[in-house]
Amino acid sequence: MSTRHMRTRFGEVGIDHGAPYFDAVGRDFRAAVAAWRRDGLVAPWREGGPQAWLGIPDMASLITRLAAPHDVTWRTFVNGIVRGAHGDWHISSDRGLHGPFDAVVTAVPPEQAVPFFALHDLEMARRASAASSSACWAGLFVFERALPAVSLVLRDTGPIALAICNRAKPLRTKPESWLVQADSEWSESHLQRESEDIAPLLLSALQDALGLPVVPAHEVAAHRWRYASSAGIGKAALWNADLKLGACGDWLTGPHAECAWTSGRALGRLVNSTFGGISASSEKDSLCVL
Ligand SMILES: Cc1cc2nc3c(=O)[nH]c(=O)nc-3n(C[C@H](O)[C@H](O)[C@H](O)COP(=O)(O)OP(=O)(O)OC[C@H]3O[C@@H](n4cnc5c(N)ncnc54)[C@H](O)[C@@H]3O)c2cc1C
């Protein structure tokens, strides 16, 4: 859930280039989303479907606003986790060593989680190795004028899985901007191309889909989501209570924001149960306690 802000001659525009919206289907997640709505963090988005929601004012702000009460270190690349002789954990990153911590949990794609687990828990590493992610190329386009589009949301047209004009979303009106997400087959087959090559291809696909002649875009960009979606492995979370090492994320549960939330919540309960908080026993069937 990510938003790219672009400064243009026509003003600043934020384009949700990761998950452009999310659905709330399950009872617990719907209750959480209803609370976020009361706090002004999200709004329903009928153009996306009857269960679709948007972060307000953009998708990324939902994450930053939910994280605000917590001690979060942003923009830090973790390159290792280190366990001390007394079971304490440290995290090494491009900013140095952090810790000590009582427990470590990951919420990263499986391909990026494997190296963290490999030195500590082979079973966790094996499960993450068995999961795989598929890619998504996203194109971001800003135009001087509104495109004469009949529809502001397009699905499954040529290589396009989803295209959305920002005018279709509340609080994101100007300047005219479009997100174009290619389907996974196209994205995988163009995975090694440079973003400078991809952006014109996706712009041309958008013009074709809208039935428009060549329309010059004022700003063009493309973003490669190498690990965009993963089918899930049918487990809500992984937790090694002895090591106090865990994993959550959509790669365990399925390729949607709701699945990631469900997984994180399940792992939170397991961590709590280890540290003497609430019990996770009611969810044991779906959890993977190693
Ligand atoms: C293009 C795209 C479109 C999508 N569309 C939808 C949609 O329409 N509806 C929907 O419900 N869901 C959609 N999703 C899926 C949704 O975004 C994910 O299911 C959800 O974000 C997964 O959350 P997560 O916490 O498991 O992982 P992520 O959101 O992938 O978060 C993992 C984070 O870990 C960071 N990270 C990875 N490695 C490291 C490291 N070594 N150190 C530090 N940080 C690291 C990453 O940068 C990332 O910020 C889409 C995803 C993409 C990419």
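In what order do the three strands of the open sheet lie, and is their pairing parallel or antiparallel? The strands follow the order β3-β5-β4, and the pairing is antiparallel. This briefing describes a predicted model, in which the protein is divided into domain 1, made of residues 3-67 + 133-230, and domain 2, made of residues 97-131 + 232-289.

- The strands β3 and β5 run antiparallel and are joined by two bridges, and phenylalanine 22 stands opposite tryptophan 53, a residue of β5.
- If residues up to four places away in sequence are not counted, glycine 55 touches Met1, Leu41, Val42, Ala60, Ser61 and Leu62.
- Glycine 55 and histidine 190 are 135 residues apart along the chain, and their C-alpha atoms are separated by 30 Å.

**The surroundings of the ligand**

- There are 27 residues around the ligand, and those that come nearest are Ala19, Gly249, Asp250, His256 and Ala260.
- Both domains take part in this shell, since at least three of its residues are drawn from each of domain 1 and domain 2.
- The elements that each supply at least two residues of the shell are β3, β10 (133-143), β14 and α8 (257-274), and the largest share, four residues, comes from α8.
- By class, the shell around the ligand holds 18 nonpolar, six polar and three charged residues.

**The largest nonpolar core**

- The largest nonpolar core has 28 residues, and those that touch the most other members are Ile160, Ala163, Trp178, Leu179, Val180, Leu202 and Leu206.
- Two or more residues of this core come from each of the elements β2 (11-16), β10, β12 (160-165), β13 (176-182), α6 (195-210) and β14.
- Alanine 163, when its neighbours within four places in sequence are left aside, is in contact with Leu154, Trp178, Leu179, Val180, Leu206 and Ala209.

**Details of the backbone**

- Most residues other than glycine have a negative phi, and most peptide bonds are trans.
- The peptide bond from isoleucine 56 to proline 57, however, is cis, with omega near 5 degrees, and proline 57 is found in the loop between β5 (52-55) and α2 (59-67).
- Glycine 99 and proline 100 are likewise joined by a cis peptide bond, with omega about 5 degrees, and proline 100 lies in strand β8, which covers residues 96-101.
- Arginine 75 is not a glycine, yet its phi is positive, at about 50 degrees, and its place is in the loop between α2 and β6 (78-83).
- Is arginine 75 buried or exposed? Arginine 75 is exposed, because 6 other C-beta atoms lie within 10 Å, and 12 or fewer make a residue exposed.
- Lysine 244, also a residue other than glycine, has a positive phi near 60 degrees and is found in the loop between β15 (238-240) and β16 (245-247).
- With 19 other C-beta atoms within 10 Å, lysine 244 is partly exposed.

**Serine 129**

- Serine 129 has its place in helix α4, which covers residues 122-130, and this serine is partly exposed, because 15 other C-beta atoms lie within 10 Å.
- Serine 129 and proline 110 are 19 residues apart along the chain, and their C-alpha atoms are separated by 6.7 Å.

Notes. Residues numbered from 1 in each chain as written. Predicted model: local features only at pLDDT ≥ 70, side-chain atom pairs only at ≥ 80, totals over all residues. Domains from an automatic or database assignment. Near = placed C-beta within 6 Å. Nonpolar A, V, L, I, M, F, W, Y, C, P; charged D, E, K, R; others polar. Core = buried A, V, L, I, M, F, W, Y, C linked by C-beta atoms within 7 Å. Buried ≥ 20, exposed ≤ 12 C-beta atoms within 10 Å, placed from the backbone. Contact = placed C-beta atoms within 7 Å. Pairing = 2+ DSSP bridges.
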